[in-house]
Amino acid sequence: MFIAQPRSKSDILERARHIRKVFELDSAIYVPVDEIIERIDSTIDETFQWEICDDCYIPADVEAFYDPQQNFMCISNKTYVDATNGNGRARFTLAHELGHYILGVDKVILPRSSIKNLKILAFQNPEWQANTFASLFLALPDIIRNFHNAFEVSEKCGLSYQASDIAFKNAKKANM
């Protein structure tokens with residue numbers, strides 16, 4: 001079990017905005033997350049490495065992962081191909097792993113004996129943080145707040161309907 005440095009939604013949103021700005025995508029509706037991952041080493045971090053891994057070399061249920069100790073991202077061939085073809089789930093997966101990288105999620109491993117009754121709060125959960133980053137990064141609230149519905153978010157931002165629905169509802173209710 002892991003616990004991460006606490007981060008608020010507004011902190012994560014600022015980081016998502018910053019990365020969009022670095023890649024000159026401040027007001028872009030559709031974010032080419034695959035191209036961003038391809039350019040991290042030449043744009044912001046020459047130590048970052050990524051690879052399209054043959055599906056037979058990673059577990060079948062793993063679409064991608066980021067290893068912070070090695071500063072390395074492995075993306076399954078299927079996920080990468082799907083993302084480059086605009087598949088919303090695959091694009092979200094890449095943005096999620098990008099979130100782990102961008103947020104510098106310093107995971108602290110908790111010993112089994114200390115987690116029996118421990119409840120990890122969302123803002124300390126590295127998976128919640130990465131999901132929040134992915135949603136905010138791919139569907140910036142400032143932009144989608146003016147959309148008519150989640151279908152429009154899905155179509156224009158390249159997200160699955162489920163992710164679009166969540167992003168759209170959050171953008172409408174929050175003043176981020």
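These legends go with a set of close-up views of one predicted model.

In this predicted model, local features need pLDDT of at least 70 and side-chain atom pairs count only at pLDDT 80 or more, while totals for chains, interfaces and linings use all residues. Residues are numbered from 1 along each chain as its sequence is written, and side-chain values use heavy atoms, with hydrogens and water left out.

**View 1. The whole chain, before zooming in.** The chain holds 8 helices and 5 strands, where helices (H or I, at least four residues) and strands (E, at least two) are DSSP runs numbered from the N terminus. Going along the sequence, you get β-α-α-β-β-β-α-α-β-α-α-α-α. Of the 176 residues, 47% count as buried; buried means under 20% relative accessible area, exposed over 50%, and partly exposed in between, with a 1.4 Å probe and protein chains only. Take the contacts (heavy atoms within 4.5 Å) between residues at least 6 apart in sequence: 65% of them join residues at least 24 apart.

**View 2. The largest pocket and its lining.** Rolling a probe the size of a water molecule over the atoms shows where empty space is left. The largest pocket has about 550 Å³ of space. Its lining counts 28 residues, and Phe92, His96, Asn131, Thr132 and Ser135 are the closest to the centre. Elements giving two or more residues to this lining are α4 (88–102), α5 (126–138), α6 (141–144) and α8 (161–173). Sorted by class, the lining has 13 nonpolar, 9 polar and 6 charged residues.
Grid points are joined across faces, edges and corners, and a volume is the space filled by probe spheres set on the points. As for the classes, Ala, Val, Leu, Ile, Met, Phe, Trp, Tyr, Cys and Pro count as nonpolar, Asp, Glu, Lys and Arg as charged, and the others, Gly among them, as polar.

View 3. With a disulfide taken as a pair of cysteine sulfur atoms within 2.5 Å, the count comes to 1. The partners are Cys53 and Cys74, with sulfur atoms 2.0 Å apart. Cys53 sits in strand β2 (residues 49–53) and Cys74 in strand β4 (residues 72–76), so the pair ties together parts that are 21 residues apart in sequence. Both ends are tucked away: Cys53 is buried at 9% relative accessible area, and Cys74 is buried at 2%.

**View 4. Ser76 in strand β4.** Ser76 belongs to strand β4 and counts as buried at 5% relative accessibility. Leaving out neighbours within four places in sequence, Ser76 is in contact with Ile52, Cys53, Asp55, Ile58, Val62 and Glu63. From Ser76 to Phe65, 11 residues apart along the chain, the C-alpha separation is 8.9 Å.

**View 5. Helix α7 and its two ends.** Helix α7 (residues 150–157) has Ala150, Glu152, Val153, Ser154 and Cys157 buried, with Cys157 at 1% relative accessibility. Those buried residues pack against α4, α5, α6 and α8. At the start of α7, a side-chain oxygen of Asn149 comes within 3.1 Å of the backbone nitrogen of Phe151. Just after the helix, Gly158 takes a positive phi of about 75°.

View 6. Ile143, in helix α6, is buried at 17% relative accessibility. Skipping residues up to four places away in sequence, Ile143 touches Arg20, Asp26, Ser27, Ala28 and Ile29. Ala163 is in helix α8 and is buried at 13%.

View 7. Most residues other than glycine have a negative phi. Glu24 has a phi near 55°; this residue is in the loop between α1 (9–22) and α2 (33–43) and is exposed at 70% relative accessibility. Asn71 has a positive phi of about 50° and lies in the loop between β3 (64–67) and β4, but is buried at 11%.

Notes: On a 1 Å grid over the protein atoms alone, a cavity is a set of points where a 1.4 Å probe fits but cannot get out, and a pocket is an open set with protein on both sides within 12 Å along at least five of seven lines; lining residues have an atom within 4 Å of a point. A polar contact is a pair of N or O atoms within 3.5 Å; within protein, one must be able to donate a hydrogen and the other to accept it, and residues adjacent in sequence count only if both atoms are side-chain atoms.
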